[in-house]
Amino acid sequence: MTNATVYTVDSTFSKAQAFAVRDGRFVAVGSTADLQGRYQAARTVDASEQFVYPGFYDAHCHFYRYALGLRSANLVGASSWAETVGRLARHRQQRPQDAWLTGRGWDQNDWPGQRFPTKDTLDALFPGVPVLLVRVDGHAALVNQKALDLAGITAATPISGGVIGRDARGRLTGLLVDNAVKLVASKIPDPAPAEADALLLQGQQNCLAVGLTSLADAGLDREDIERIAALQQAGRLHLRLYTMLNPTPENKAYYLPRGPYFSDNLTISSFKIYADGALGSRGASLLAPYTDRPHERGFLLQKPDYYRSIARELAATKFQMNTHAIGDSANRLLLDIYGAVLKGHNDRRWRIEHAQIVSQQDIPKFGQYSIVPSVQPTHATSDMYWAGERLGQRRLPDAYAYKALLAQYGQVALGSDFPVEDINPLYGFHAAVARQDAKNYPAGGFQPENALTREQALRGMTTWAAHAAFEDRRKGQIKPGMLADFVVLNEDLLTAPNEQLRGLKVRQTWIGGRQVFGNEQ
């Protein structure tokens, strides 16, 4: 590629004009004149003064779940329960053959009154079909009576690490939180293999269109990974995936004896653990009560001894432990457990996923125990409208403190958590540097003291994301020896005004020196 502004994202954050690719890897980076004089190329691409970056890497998402969820009703952005139900009804008309009616993305915090819905409307409209509507954070759901019946849930059903909603008279409301959601979700049949493959490829196209070349998929089972690997080997799935394993007995029995697996396209080197739920559904485990629910502190999804046991088990292997921790209580517990087995500075690259609310006294533990903070900047700008109600103004500065976390570990891996948030990594870049949402609100940014610089944000979605997956020797930079994954944009991420960042267009996406999205200019 020639005549470009190339951000190499190397150790000095240098820029170049051109690079050469052979056998899927960069072999030279420099000026257009120099490389044209040194190399004979089968194909030369003139970038026409456009801007080139290493392929974008989402350090925490749920690609498999996102892709299969493309068959569900999209409820993101619905401004009321009535609008949510209307979208659901239209979706049912389009897919009347489905055995279940599913949807994802509703958020009661965006509705008048901010109250959780109940199942009454779903029972009236869809009495004969089971309904499961997952909240935007993935940690709560609303179901109808048909779904409750199929799952065998009654008012007497016990639950640990979750909530089965009941009203003041003890009747089921249809609201399920965290572990309770699994009781119903486990009853939904998987799509047929051909449909699953088609959905994964549809999801891939959406990712390539926004410049994503690598993804960290947080929480998969062996059969999911084998489906992904088969599509990669067939040359149909171009995305490179770092997969985090669910800590099931079956996954541990199969993968632990074999050890981590690394290839150019697929990495299997970690287990994904859930410590608590989400702030929006009040499942995040807090040190002090919720300000808007003074009798609740959230909850852990397992007993503390579970986390100690699995940390000791993984410490005896070469696998990473990557733990979802939202609340300050969950973060404290896991940081201390990590510290007890890691014992100071190390290169195990164990991760805290989200690290959303961390007490000031616990933040230094990221540096003390070499723990990678894996964060999602758009969570801050999505939650900022109501996070203060949950935490109160005194605790709010402990939340979304990305700059403070960066100061401890020296890196932050940036992701989106899609489908909880949008898949576009430029939204996360904007949220990280401007601390604003799509409306460019608020003026001056939300807690701007924790904004990242543009260089830091770009590193977070390229080389630092690769580092967090032990992939930094082959991904995340444009330099000789690295995989030739790169993205061409129409404007410069490093200089465009904040208010324009979300609107920048990906012109081309390349993986291994092969163009997988866009037209040649």
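Predicted model: local features only at pLDDT ≥ 70, side-chain atom pairs only at ≥ 80, totals over all residues.

User: Why is the contact between arginine 95 and aspartate 98 called a salt bridge?

Analyst: The term requires a side-chain nitrogen of Lys or Arg within 4 Å of a carboxyl oxygen of Asp or Glu. For arginine 95 and aspartate 98 the closest N and O atoms are 2.6 Å apart, so the pair qualifies. The structure holds 26 salt bridges.

User: What makes arginine 95 partly exposed?

Analyst: Its relative accessible area is 22%. Buried means under 20% and exposed means over 50%, so arginine 95 falls in between and is called partly exposed.

User: How do you know that arginine 222 and glutamate 226 form a salt bridge, and where do they lie?

Analyst: The N to O distance between their side chains is 2.8 Å, which is within 4 Å, and therefore the pair counts as a salt bridge. Both residues lie in helix H8, which covers residues 222-233. They are 4 residues apart, or about one turn of the helix.

User: Are arginine 222 and glutamate 226 buried or exposed, or in between?

Analyst: Arginine 222 has a relative accessibility of 33%, and glutamate 226 has a relative accessible area of 39%. Buried would need a value under 20% and exposed a value over 50%. Arginine 222 is therefore partly exposed, and glutamate 226 is therefore partly exposed as well.

User: What can be said of lysine 475 and glutamate 471?

Analyst: Their side chains meet in a salt bridge, with 3.1 Å from N to O. Lysine 475 is buried, and glutamate 471 is buried too. Elsewhere, salt bridges that share partners connect Arg332, Asp336, Asp362 and Lys365 in one network.

User: Why is threonine 84 called buried?

Analyst: Threonine 84 has a relative accessible area of 0%, which is under 20%, so the term applies. This residue is part of helix H3, residues 81-94. Leaving aside residues up to four places away in sequence, threonine 84 touches Leu75, Ala78, Trp106 and Trp111.

User: Which residues of helix H14 are buried, and what covers them?

Analyst: In H14, residues 387-395, the buried residues include Ala387, Gly388, Arg390, Leu391, Gly392 and Arg395. Their cover includes helix H11 (328-342) and H13.

User: Why are E2 and E23 called edge strands?

Analyst: The open sheet has 6 strands in the order E2-E1-E5-E21-E22-E23, with mixed pairing. Strand E2 (15-16) and strand E23 (514-517) are its edge strands, as each pairs on one side only.

User: What is known of the second largest pocket?

Analyst: The second largest pocket has a volume of about 500 Å³. It is lined by 20 residues, and Met1, Ala20, Val21, Ala41 and Arg43 are the closest to its centre. Strand E3 (18-22) and helix H1 (32-38) each give two or more residues to this lining, with E3 giving the most, 5 residues. By class, the lining of the second largest pocket has 13 nonpolar, 5 polar and 2 charged residues.

User: What makes a space a cavity, and how many of 30 Å³ or more are found?

Analyst: A cavity is a space where a 1.4 Å probe fits but cannot get out. The search of the whole structure finds 2 cavities of 30 Å³ or more. The largest cavity has a volume of about 130 Å³. Of its 15 lining residues, Gly415, Ser416, Asn424, Pro425 and Gly428 are the closest to the centre. Helix H16 provides the largest share of that lining, 4 residues.

User: Which residues line the second largest cavity?

Analyst: The second largest cavity holds about 70 Å³ of space. Its lining includes Pro54, Tyr57, Thr213, Lys475 and Asp485. That lining divides into 3 nonpolar, 6 polar and 2 charged residues.

Key: Residues numbered from 1 in each chain as written. Heavy atoms only, no water. Buried < 20%, exposed > 50% of the residue type's maximum accessible area, 1.4 Å probe, protein only. 1 Å grid on protein atoms, 1.4 Å probe; cavity = no way out; pocket = protein on both sides within 12 Å on 5 of 7 lines; lining within 4 Å. Points joined across faces, edges and corners; volume = space filled by probe spheres on them. Nonpolar A, V, L, I, M, F, W, Y, C, P; charged D, E, K, R; others polar. Pairing = 2+ DSSP bridges. Contact = heavy atoms within 4.5 Å.
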